[in-house]
Amino acid sequence: MNKSMTLEEKAHAKKYDPGRDWSAFPEYEAAKQGLRDYWYPVLWARELEAKKPTGIKVCGEKIMLQRDAEGKPRALHDRCPHRGVRLSQGKQWWPDTVSCPYHGWTFNLKDGELKAVITDGPDSRMCNKAAVKTYPAEERIGLIWVYVGDGEPHPLKDQLPKELVDPPKYAVGGRIEDRGGDWRLYAENGFDEGHAKYLHRTSIWRIMKVMPTWNKIHIEKEGRWLYRVEDERYWEADYPGLGKWTNDRWFKIKPKQRQGKFMGNTGGGKTNAYIKKQNLTGFASISLPGVLRIAYPNFIHYEFYVPIDVDETKYVGVMIQFKTGIKKWLYYLQYLLQIRWMFHGNFSGQDHWMVEETNAPPERLYRPDVSLLEWRKLFKGPHPFHDKIEEDA
Amino acid sequence: MNKSMTLEEKAHAKKYDPGRDWSAFPEYEAAKQGLRDYWYPVLWARELEAKKPTGIKVCGEKIMLQRDAEGKPRALHDRCPHRGVRLSQGKQWWPDTVSCPYHGWTFNLKDGELKAVITDGPDSRMCNKAAVKTYPAEERIGLIWVYVGDGEPHPLKDQLPKELVDPPKYAVGGRIEDRGGDWRLYAENGFDEGHAKYLHRTSIWRIMKVMPTWNKIHIEKEGRWLYRVEDERYWEADYPGLGKWTNDRWFKIKPKQRQGKFMGNTGGGKTNAYIKKQNLTGFASISLPGVLRIAYPNFIHYEFYVPIDVDETKYVGVMIQFKTGIKKWLYYLQYLLQIRWMFHGNFSGQDHWMVEETNAPPERLYRPDVSLLEWRKLFKGPHPFHDKIEEDA
Amino acid sequence: MNKSMTLEEKAHAKKYDPGRDWSAFPEYEAAKQGLRDYWYPVLWARELEAKKPTGIKVCGEKIMLQRDAEGKPRALHDRCPHRGVRLSQGKQWWPDTVSCPYHGWTFNLKDGELKAVITDGPDSRMCNKAAVKTYPAEERIGLIWVYVGDGEPHPLKDQLPKELVDPPKYAVGGRIEDRGGDWRLYAENGFDEGHAKYLHRTSIWRIMKVMPTWNKIHIEKEGRWLYRVEDERYWEADYPGLGKWTNDRWFKIKPKQRQGKFMGNTGGGKTNAYIKKQNLTGFASISLPGVLRIAYPNFIHYEFYVPIDVDETKYVGVMIQFKTGIKKWLYYLQYLLQIRWMFHGNFSGQDHWMVEETNAPPERLYRPDVSLLEWRKLFKGPHPFHDKIEEDA
């Protein structure tokens with residue numbers, strides 16, 4: 001601001017200030033195409049076949065997935081070095097191999113080596129002289145995971161939310177969907193404190209429950225995870241010069257606030273023993289490379305914002321209930337009848353709408369955006385796996 | 001042209017000359033995104049609500065429109081400074097305000113000031129510290145008008161065609177439609193003398209009337225307006241080496257040419273007294289920032305070519321009859337049954353087709369293009385409102 | 001490769017080498033938009049009218065086609081010099097002319113001269129002072145051909161496959177279709193030895209016939225044409241470490257290999273006398289500017305890859321049988337019932353799929369790609385017509 005301005009001019013200029021760019025967060029600004037050297041969930045395990053490959057894209061890299069003869073998922077660079085055709089358009093003729101559809105170049109799934117060129121006969125001089133890059137791949141919690149990076153990967157279990165490493169029993173429901181928009185805006189929206197109460201007040205998922213009008217929070221960091229912790233909650237407010245505002249209606253239930261560290265506005269029912277045992281610090285938490293965890297009393301909802309490329313994101317929304325037997329099947333029923341369209345459809349569709357609307361930077365942040373600021377600082381590192389500095393909590 | 005060319009070579013080069021660019025009209029060339037500091041009609045008044053905002057774009061600027069508590073139209077920059085979401089996606093909770101759909105940032109419609117942030121409680125520190133730009137807005141002749149500029153606006157009535165400032169009685173019909181294409185090409189096409197007779201000969205609007213084959217015109221300037229004035233008219237012509245051409249058919253009526261200054265090829269019927277009183281210099285006239293007026297005996301047709309952005313134009317076609325009572329309602333009936341699809345549909349669709357086909361510059365202009373040349377010179381100024389030099393006629 | 005690498009590191013680097021770009025073929029690399037100074041087939045002769053023009057694009061140039069009063073095809077630059085509207089959107093009022101739809105500028109089809117401007121009267125000063133470029137155009141073998149170039153064209157018959165210059169009797173069937181993709185990739189795919197046997201093994205056209213597994217070939221050059229000549233053919237192969245592969249099935253016929261110079265894997269039946277007389281050196285041959293010839297025993301299939309523009313190609317697939325009388329009509333019946341959808345639809349659709357998948361350069365070529373390498377060398381010249389060095393065979 002110009003020093004020769006009057007106080008009134010300064011106040012006016014400040015009001016109409018377009019806001020800040022992201023230059024205070026250079027690592028964040030640079031991560032437009034995604035963070036490498038991480039594991040990403042990319043596909044339902046039940047959709048991966050041995051006879052036919054599947055093609056995906058993560059962090060701008062084209063990757064082909066297929067099961068080997070033992071049923072283990074394998075991932076190769078999805079580009080035949082001959083003429084650039086995607087191997088994922090091809091098929092399997094022999095176990096542990098995939099053949100390009102154009103001329104039958106045939107690669108070993110395990111090491112990416114060219115084993116045969118069908119149209120060049122058994123003595124082809126290309127064999128073992130060409131290869132495609134392989135990517136580490138794993139199957140966990142019903143999902144196929146791929147490690148996008150160059151060096152030796154850290155174990156997938158080190159990166160998984162700890163309660164998913166070895167749960168004694170569980171059931172999984174969810175939705176995987178490619179969506180337009182920057183993965184960072186999806187992640188910010190997910191951990192954003194402010195919007196949930198206001199934007200989602202009209203979601204069918206919350207139709208019977210009052211949403212708070214506003215609250216005060218702080219962020220706690222535990223290992224790789226950031227937690228939003230609520231300090232004060234207000235069900236209504238009276239805005240000076242305007243009047244009262246509340247989401248309360250006669251037909252809505254006002255959920256009790258739970259005691260202790262554990263969760264906030266999460267509705268009735270008994271808390272699941274396994275979830276309780278995790279002793280999570282807050283209702284919502286987030287970690288790199290873009291994993292959101294929302295801890296409801298009876299299930300935990302995860303959102304993985306997998307960067308496909310600049311401006312395209314694979315939304316992997318997974319809801320896990322730590323039960324078994326008949327309760328597991330009742331959960332699946334509830335998922336299909338209610339959660340799938342209410343939560344992973346309508347509710348998450350509102351987030352999608354806002355990500356498409358968001359036109360930042362520039363931006364002017366307010367008190368609840370402390371959640372965004374802390375999240376952006378994570379990008380600066382140190383990074384728990386690559387920088388070998390701190391351990392996962 | 002190279003001086004060492006033979007005469008024959010020179011004639012050949014001239015024939016195949018691709019034509020001129022627009023560098024002779026630098027102000028015109030620079031106006032690709034529209035002219036600022038003007039009023040633009042952007043919406044039917046009946047479509048503007050108080051509870052729900054409407055979003056538009058003029059001259060590349062996103063603008064939100066909504067009625068205040070007194071019913072007056074208000075216009076704000078359509079971008080919440082928080083995260084860039086369009087306010088036009090939000091709604092009104094309190095009179096004279098609009099709230100962003102994402103986090104409930106709530107702005108005063110009258111001055112653009114941030115009055116409340118719903119999700120930050122009554123004591124939010126942002127209040128009165130942020131604001132969005134406001135735009136002057138008015139309601140006239142059934143349309144909402146917005147002033148796109150930075151300084152104090154000139155009165156809308158100074159810019160209106162004078163017969164619309166305070167007509168004793170009138171009825172309005174019309175069509176507003178966003179169309180692909182440069183607004184300048186729409187305006188040129190509108191005032192272009194040459195095409196009407198030839199391109200529109202096949203329009204349903206003209207199916208029963210002969211169109212002249214060619215004519216001679218000159219342009220007269222009166223205040224802010226340019227008029228096309230016809231000097232000679234020919235219903236047919238015999239082209240050397242080719243033969244006769246006419247639009248005359250046995251079932252078509254050849255309209256009488258009217259006497260005096262007033263209009264040309266406009267068909268039968270008694271001239272409306274109010275229109276006659278205007279004593280317009282010609283059938284077709286145009287003024288900045290892109291307003292075409294076609295004076296038929298019983299109604300006047302206006303086309304406003306509102307620049308949305310580079311290569312997108314809001315076509316605002318309005319037909320006004322200066323009558324009242326039963327004649328007004330008969331006019332509305334005629335509008336709905338005939339004019340709407342014949343004129344604002346089929347006829348104006350031919351113009352749309354040609355604007356999309358036009359691929360100029362380069363261009364080679366011919367005699368009737370004096371209308372285009374005079375129009376382009378207007379852009380050079382002086383501009384009647386901003387340059388305070390000449391008065392409106 | 002770095003000299004200080006170990007042998008193992010070198011082997012590894014070589015395996016993962018992304019491959020070569022096209023800098024070894026600079027003339028080929030430069031031909032992205034097509035080769036000028038050639039004749040191109042662009043339209044079925046039966047589709048060209050005298051009353052209404054047709055617009056096409058070749059080598060990035062917009063061209064308008066129309067028949068003159070004698071029925072001869074004429075081609076003009078498809079752009080009215082007045083305002084850039086396509087003349088192909090207009091119509092014919094007088095024989096040997098075309099008029100622009102916007103203002104009636106009327107051009108002579110034979111020399112491109114402006115003969116009249118309808119809206120400017122018989123004395124228009126523009127007449128004979130403006131003109132559009134003409135292109136040489138011809139009608140041959142049921143197709144309209146246009147010469148895209150600047151100088152005097154070579155005779156079309158010099159560029160035609162010699163057997164099409166003056167065939168005593170023939171019948172033509174085919175498909176013309178605009179397709180996305182670089183014309184060079186279509187041409188390469190057409191002459192590519194390797195893919196036919198593998199990619200097309202699943203085509204309906206080949207469903208009853210065994211395709212060889214692999215073969216060895218060499219390329220012979222005769223005048224302007226390159227021929228693929230087969231040296232060895234294998235119906236199956238046993239790939240080390242993988243196993244056997246063959247396209248042979250109990251219901252498929254294994255065609256006999258023909259003796260002498262003439263064709264290879266082309267199925268049964270008696271060879272057509274006229275085709276036999278041509279004494280073609282191989283089954284598949286190609287010539288500039290992108291003409292593929294596949295000589296079956298009873299008909300010859302041609303593919304002309306006409307460059308529309310960068311990344312768009314007009315596929316002109318023509319099948320010609322050298323018969324007459326009842327056999328000609330039986331051929332037309334077979335074409336409509338079988339060839340049209342099997343060959344020019346399904347089979348050629350597989351090629352289209354691969355051209356869209358091809359993502360080269362970089363590329364790593366293998367033994368059968370000798371066909372591609374020889375084809376690319378043709379671009380270097382000398383060019384038979386323009387460089388006046390060698391004669392057509």
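This is a predicted model: local features need pLDDT of at least 70, side-chain atom pairs count only at pLDDT 80 or more; totals for chains, interfaces and linings use all residues.
A residue is called buried when its relative accessible area is under 20%, and this cut-off is the one needed to follow helix H4 (residues 183–191) of chain C, which is mostly covered, with 9 of its 9 residues buried.

In H4(C), the buried residues are Trp183(C), Arg184(C), Leu185(C), Tyr186(C), Ala187(C), Glu188(C), Asn189(C), Gly190(C) and Phe191(C). Turning to chain B, helix H4 (residues 183–191) has 9 of its 9 residues buried, so this helix is largely enclosed by the rest of the structure. Among the buried residues of H4(B) are Trp183(B), Tyr186(B) and Phe191(B), and also Arg184(B) and Glu188(B).

Of the 393 residues in chain A, 57% are buried.

Aromatic rings come next. A pair of aromatic rings is described by the distance of the centres and the angle of the planes. Over all chains, the count comes to 51 aromatic pairs. In one of them, the ring centres of Tyr296(A) and Phe299(A) lie 5.3 Å apart and the planes stand at 40 degrees, so this pair is tilted. Tyr296(A) counts as buried because its relative accessibility is 8%, below the cut-off of 20%, and Phe299(A), with a relative accessible area of 10%, is buried as well. Another pair, formed by Trp375(C) and Phe379(C), is edge-to-face, with 5.0 Å from centre to centre and 85 degrees between the planes. Trp375(C) is buried, at a relative accessible area of 1%, and Phe379(C) counts as buried at 3% relative accessibility. In chain A, Trp375(A) and Phe379(A) belong to one aromatic cluster together with Trp22(A), Tyr28(A) and Trp183(A).

Rings also take part in contacts with charged side chains. In chain B, Arg293(B) lies over the face of Trp225(B), at 3.9 Å from the ring centre, and in chain C, Arg293(C) lies over the face of Trp225(C), at 4.0 Å from the ring centre.

A disulfide is a covalent bond between the sulfur atoms of two cysteines. The count over all chains comes to 0 disulfides. Cys59(A) counts as buried at 6% relative accessibility, and Cys59(C) counts as buried at 6% relative accessibility too.

Rolling a probe the size of a water molecule over the atoms shows where empty space is left. There are 14 cavities of 30 Å³ or more, and about 100 Å³ of space lies in the largest cavity. The largest cavity is lined by 11 residues, of which Arg224(B), Leu288(B), Leu378(B), Pro382(B) and Pro384(B) are the closest to its centre. By class, the lining of the largest cavity divides into 6 nonpolar, 2 polar and 3 charged residues. The second largest cavity holds about 70 Å³ of space, and of the 13 residues that line it, Trp39(A), Pro41(A), Pro289(A), Val291(A) and Phe304(A) are the closest to its centre. Strand E1 (38–44) and strand E18 (300–309) of chain A are the elements that give two or more residues to the lining of the second largest cavity, which has 11 nonpolar, 2 polar and no charged residues.

In chain B, His154(B) is found in the loop between strand E10 (143–148) and helix H3 (156–159), and counts as buried at 6% relative accessibility. His154(B) and His386(B) are 232 residues apart in sequence but 8.1 Å apart in space, C-alpha to C-alpha.

The backbone has a few details to look for. Most residues other than glycine have a negative phi, and most peptide bonds are trans. The peptide bond from Ala360(A) to Pro361(A), however, is cis, with omega near -10 degrees, and Pro361(A) lies in the loop between helix H7 (325–357) and helix H8 (370–378) of chain A. Gly381(C) and Pro382(C) are likewise joined by a cis peptide bond, with omega about 5 degrees. Asn128(B), although not a glycine, has a positive phi of about 60 degrees, and is partly exposed, with a relative accessible area of 41%. Ile141(C) has a positive phi near 50 degrees and counts as buried at 9% relative accessibility.

Definitions and conventions:
Residues are numbered from 1 along each chain as its sequence is written. Chains are lettered from A and ligands numbered from 1 in the order in which they are written. Side-chain values use heavy atoms; hydrogens and water are left out. Buried means under 20% relative accessible area, exposed over 50%, partly exposed in between (1.4 Å probe, protein chains only). Helices (H or I, at least four residues) and strands (E, at least two) are DSSP runs, numbered from the N terminus. Rings of Phe, Tyr and Trp (its six-membered ring) pair if their centres lie within 6.5 Å; planes under 30 degrees apart count as stacked, over 60 as edge-to-face and the rest as tilted. A charge sits over a ring if NZ of Lys or CZ of Arg is within 6 Å of the ring centre and within 35 degrees of the ring normal. A disulfide is a pair of cysteine sulfur atoms within 2.5 Å. On a 1 Å grid over the protein atoms alone, a cavity is a set of points where a 1.4 Å probe fits but cannot get out, and a pocket is an open set with protein on both sides within 12 Å along at least five of seven lines; lining residues have an atom within 4 Å of a point. Grid points are joined across faces, edges and corners, and a volume is the space filled by probe spheres set on the points. Ala, Val, Leu, Ile, Met, Phe, Trp, Tyr, Cys and Pro count as nonpolar, Asp, Glu, Lys and Arg as charged, and the others, Gly among them, as polar.
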